[in-house]
Amino acid sequence: MTESVRLIKTLLKRSHEHRRRRRWPWIVLGCFLVIIGIATIVYLVSTAPLREAKADAFEVAQKEKNIVSVSDFYYYNGIKDKYSVIVGPNNKKQETAVFVPRGVKGKYANKTISYLMKDGITKEKAIEIVEKEKSPSKILTTHLGMDEGTPIWEISYRKADGTLNYLEINFIMGSWYRQINNL
């Protein structure tokens, strides 16, 4: 009888160990799914203001400037002015940039301004100007914005020494508007 009890104990022990080994993949999978869920929630919460600004700006661009769809969206925070910029075709199929003010003070407050994209320089041309004249090691961002009534391309870049720099180029003229160096 003792042999059979020992055999039963051994079988139970092996069975218990086998069940414990089978649980680990499920625990790892559960942790992985929790991490993915938390990352998704953080992403959605952090990008909500940007999505809201885009939707609000598009609504204004539709009503005031007859924009049909959005090709590009820029969220510009300048020194004084803040704009949401919608780029897209108008009802005449002309690519248009619509500058919708956010928190702008002074004479440009509450004025939605638009320009046909063909009347200004392209994003690629603005980047080409920076590359030619500043020789950056890396272009970081390029945003269409407006400063005190002047439409600009704001380009941030890093030099070879690692310093952060900004160059603003006049959208219409293609000339330098302002630069901030060595941050």
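Let's start at Trp26, which sits in helix α1, spanning residues 2-65. Before going on, note that this is a predicted model, where local features need pLDDT of at least 70 and side-chain atom pairs count only at pLDDT 80 or more, while totals for chains, interfaces and linings use all residues. Residues are numbered from 1 along each chain as its sequence is written, and side-chain values use heavy atoms, with hydrogens and water left out. Helices (H or I, at least four residues) and strands (E, at least two) are DSSP runs, numbered from the N terminus.

Back to Trp26: with 65% relative accessibility, Trp26 is exposed. Here, exposed means over 50% relative accessible area, buried means under 20%, and partly exposed is in between, with a 1.4 Å probe and protein chains only.

Next comes a sheet. Four strands make an open, antiparallel sheet in the order β1-β2-β3-β4. At its edges stand β1 (72-77) and β4 (113-116), each with a single partner strand, so one side of each has no neighbour in the sheet. From one strand to the next, the twist averages 20°; axes are lines fitted to C-alpha atoms (for helices, over the stretch in contact), and angles run from 0 to 180 degrees between N-to-C directions. Strands β1 and β2 (residues 82-89) run antiparallel and are joined by six bridges, where pairing takes at least two bridges found by DSSP. Tyr76 stands opposite Tyr83 in β2.

The whole structure holds six aromatic pairs, counting rings of Phe, Tyr and Trp (its six-membered ring) with centres within 6.5 Å; planes under 30 degrees apart are stacked, over 60 edge-to-face, and the rest tilted. One of the pairs is Phe73 with Tyr75, tilted at 50° between the planes and 6.5 Å centre to centre. For Tyr83 and Phe99, the centres are 6.4 Å apart and the planes at 85°, so this pair is edge-to-face. Tyr83 belongs to strand β2 and Phe99 to strand β3 (residues 95-101), so the pair ties together parts 16 residues apart in sequence. Both of these residues, Tyr83 and Phe99, are buried. Ring pairs also link the two into a cluster with Tyr74, Tyr115, Trp153 and Phe171.

Finally, the charged side chains. Four salt bridges turn up in the whole structure, each being a side-chain nitrogen of Lys or Arg within 4 Å of a carboxyl oxygen of Asp or Glu. In one of them, Lys125 meets Glu128 at 3.5 Å, N to O. These two are three residues apart in helix α2 (residues 123-134), which means about one helical turn separates them.

Which residues are linked in a network of salt bridges? They are Asp147, Glu168 and Arg178. Asp147 and Arg178 have their closest N and O atoms 2.7 Å apart. Asp147 is in strand β5 (residues 138-147) and Arg178 in strand β8 (residues 176-180), so the pair ties together parts 31 residues apart in sequence. Glu168 meets Arg178 at 2.9 Å, N to O. Asp147 is buried at 3% relative accessibility and Glu168 is buried at 5%, whereas Arg178 is partly exposed at 25%.
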